[in-house]
Amino acid sequence: MEIQATWSGQMWVVAIAGNLSLYRSNSYSLALLALADSLGTLTVEDVDQVLLAGQRRQIARRMLEQVVRDRGLELDETGRYVLTTWGRASLKDDKAAWIEHSEGAWMLLLGDQFEPLFAKLPLVPVAPVDEKSDADEWQGLAASTIAAGDVRYPGLTKLMQELTAGNSIDGWFGQRREKLLINPLSNPAKVRARQTKVELVAHSDGAGGWSIAKVDFPQMRSLGKMATGLKGQSINGVKAEYFDGRLAKAGYRRMDGGLYQPNDANLESSQVDLSTMCFRHRLTVGNWDVKLTSAVGASHLEQALDWFVQHGLNDAGIGTMEGLMKQASVYLRKAGIDPVTLDQATLRAAFQRQRPLGLNRAARSRTMYPLYFN
Amino acid sequence: MSERLELSQLAKAEARRHRESLLQLFSGQPSCAIGAFCLADEVLVRSLETDVLYVNLASNNHQEKGRLASSPDPRHQLKGKAQLKDGLACDVAMVRAFPNHHAKYWLAGLSELEAPKGVLFSGDLTPSALDPEAPAGNSHELMLVLTDSEAVELRAFVRWLMTCRPATEVLPKRELLLPGSLPKLPNFKILLLTQPNKSLKREVLALIAEARNSIDVTSWAIAADNEVFAQLKAAAREKKVRLMIHDESGNRRAVEELSEAGAEVRTCPRMHAKVWLADRDDCPRAIVSSSNLMADGLEVGYELGLRLGPMDPRIAELKAFIQSRENLIRPLGALNPVPRSVQNVRHLPRLVHVAPRLRLF
């Protein structure tokens with residue numbers, strides 16, 4: 001099944017002020033973690049002496065403070081720096097660490113409204129807030145309320161819980177995919193939110209994988225960078241079976257093998273193309289406008305052969321009976337019918353029942369030549 | 001009204017009737033095959049409403065001057081293979097061409113599951129045969145609706161013909177030569193053929209021999225190059241032989257010979273039907289065929305014929321066909337033989353020009 005789904009509507013964008021850190025390998029953070037691991041505890045002097053030749057005490061202090069903000073180290077009761085659990089794990093796992101990027105206000109696009117087709121965006125798009133534009137559009141949200149759980153903003157609730165717990169998020173930032181840490185500047189965090197118009201197009205093959213083909217933010221130009229990052233992203237979402245109930249109501253019954261049997265009314269409609277053995281159906285799910293294209297199946301051999309005669313013949317020059325049987329077998333397989341029981345008499349009978357509609361008379365005469373002259 | 005004008009109007013009325021009859025008989029049929037020597041009237045074929053259509057023609061080059069000189073239609077109107085590739089074969093019919101194909105037939109019901117319906121029609125797919133508004137006028141053609149058993153045999157003939165090789169498949173924008181040889185001929189009890197068993201010639205010879213009082217012959221072309229002509233000439237000395245022949249210089253020498261032997265000759269412009277009618281006033285028998293009275297038709301080509309017995313109701317149609325024209329045409333007196341003088345040297349280029357046609361029919 002091919003699915004093209006378009007979401008359009010107002011979507012929440014949240015903004016939070018905080019320090020944003022990026023995950024980088026081979027940074028000074030790694031050196032500090034390694035030093036702390038080696039010495040057990042760490043002081044500013046240790047860092048200054050070992051890494052900065054005793055000449056850069058202020059720099060040593062700032063380096064340590066950054067690693068504390070990134071939760072790699074923490075101060076113990078004696079005023080010395082020790083590895084946190086997370087810092088130890090970070091050192092052990094991939095020898096990478098966090099570095100501070102910038103302090104500011106950050107917009108995050110929440111994808112929780114894309115349900116029911118998929119739960120959220122694979123990457124949270126993050127961009128600096130452009131404070132000069134649309135300041136009136138933003139409204140404050142009580143972070144404590146959100147952190148406690150607010151059914152109105154399930155995505156935001158989850159995000160704030162992640163950030164508060166010191167967890168990183170997968171984001172799209174600065175035109176690339178990044179693991180991001182955002183430490184809110186205030187406790188509880190100050191969160192502002194606004195709605196903006198979004199149009200998002202996603203594709204799926206019906207096996208549960210979705211990819212975003214296009215995103216537009218017509219009201220917020222500053223979100224344009226997010227759109228670039230979202231395009232092409234893969235998401236896990238619903239499978240073809242999700243639509244079966246609606247398709248059944250619309251007259252398409254699911255068969256074994258993922259084919260759909262159209263009812264008579266659909267067979268007569270332009271939505272079913274029996275030359276390509278596909279049908280198209282459009283439906284609405286929440287804010288999603290969904291266009292489905294899937295394979296048509298026949299209920300029995302006679303029906304499939306009737307379709308073949310009417311719509312499935314190809315102009316393959318002067319036909320032979322073997323060639324015609326082969327064409328019919330290919331068509332039957334596409335229709336979900338095993339051609340093992342097909343014989344010439346059955347095929348000839350189908351040509352007696354039905355008139356070929358798809359080819360002009362010259363092509364039809366050549367194709368049907370073996371029926372008369374073989 | 002002059003005789004010629006009356007003849008022309010007769011041909012025109014029959015062209016209209018033939019066109020209407022053929023369209024009425026074959027439109028709406030699931031499958032149809034048409035055999036002819038040449039094609040010029042694409043409109044007629046397009047207007048025929050069938051699911052599938054097979055058109056079998058002669059693969060000889062229609063633009064050949066000698067060949068075209070023998071057609072009732074202007075040369076420029078006939079469709080060569082190049083024009084068929086761009087026209088008829090693209091969207092109207094499957095077209096196949098055979099060397100020396102001259103059989104003329106219309107057949108519906110090609111599959112065993114359909115009841116066959118057949119017609120022997122002396123005309124080609126041309127305006128002269130089937131368009132009453134043809135600017136150049138109409139040819140005199142004969143249409144014979146076949147009985148059920150004859151149609152079944154015609155279907156067997158068409159099926160056999162489709163396996164005959166060599167042949168040329170005329171496809172959209174290209175052609176494909178199908179090499180090979182003639183397949184085994186089915187056992188035909190009714191239809192008469194030239195290729196490959198020459199049963200048509202045998203039956204014509206028998207008809208001439210069996211005729212007690214008279215023999216009526218109509219033809220487009222005649223030549224003294226074959227056994228049938230020799231026997232007809234011999235019969236003319238003993239029996240009443242009436243010949244109605246298209247008025248063309250190429251026929252003149254053979255006509256002279258028959259006339260000298262005692263045959264009553266009438267020239268009928270554009271006479272294209274080929275009929276042999278024996279003893280028309282008493283126990284008439286007939287053969288209707290596509291073959292001219294020439295070696296090409298009686299010895300070489302793909303030709304079709306049908307013998308009609310004295311009780312066959314279609315005999316009356318043949319008699320009416322001949323007599324309606326006979327009444328309008330006076331027989332020629334004994335033709336003056338062409339003087340063998342130096343004056344005739346000036347006709348030499350024309351004779352050379354016509355010569356190839358004499359071999360082809």
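How far apart are the centres of domain 2 of chain A and domain 3 of chain A, taken over C-alpha atoms? Hi everyone, let's start there. This is a predicted model, and in it those two centres are separated by 61 Å.

To place them, here is the layout of chain A. Domain 1 is made of two stretches, 2–18 and 103–236, while domain 2 covers 27–94.

Now let's look at where the chains meet. Chain A brings 15 residues into contact with 18 residues of chain B. On the chain A side, two helices give two or more residues each: H13(A), at 361–367, and H14(A), at 369–373. H13(A) gives the most, with 5 residues. If you sort that side of chain A by class, you get 7 nonpolar residues, 4 polar and 4 charged.

On to chain B, where there is a contact inside the chain to talk about. Its assignment has domain 1 at 3–188 and domain 2 at 192–360. Between them, 36 residues of domain 1 meet 34 residues of domain 2.

So which elements give two or more residues to the domain 1 side of that contact in chain B? They are helix H1(B), at 3–26, helix H3(B), at 65–68, and helix H7(B), at 148–162. The largest share comes from H1(B), with 6 residues. By class, the domain 1 side in chain B holds 16 nonpolar, 12 polar and 8 charged residues.

Notes. Residues are numbered from 1 along each chain as its sequence is written. Chains are lettered from A and ligands numbered from 1 in the order in which they are written. This is a predicted model: local features need pLDDT of at least 70, side-chain atom pairs count only at pLDDT 80 or more; totals for chains, interfaces and linings use all residues. Domain bounds come from an automatic or database domain assignment. Two residues are in contact if their C-beta atoms, placed from the backbone, lie within 7 Å. Helices (H or I, at least four residues) and strands (E, at least two) are DSSP runs, numbered from the N terminus. Ala, Val, Leu, Ile, Met, Phe, Trp, Tyr, Cys and Pro count as nonpolar, Asp, Glu, Lys and Arg as charged, and the others, Gly among them, as polar.
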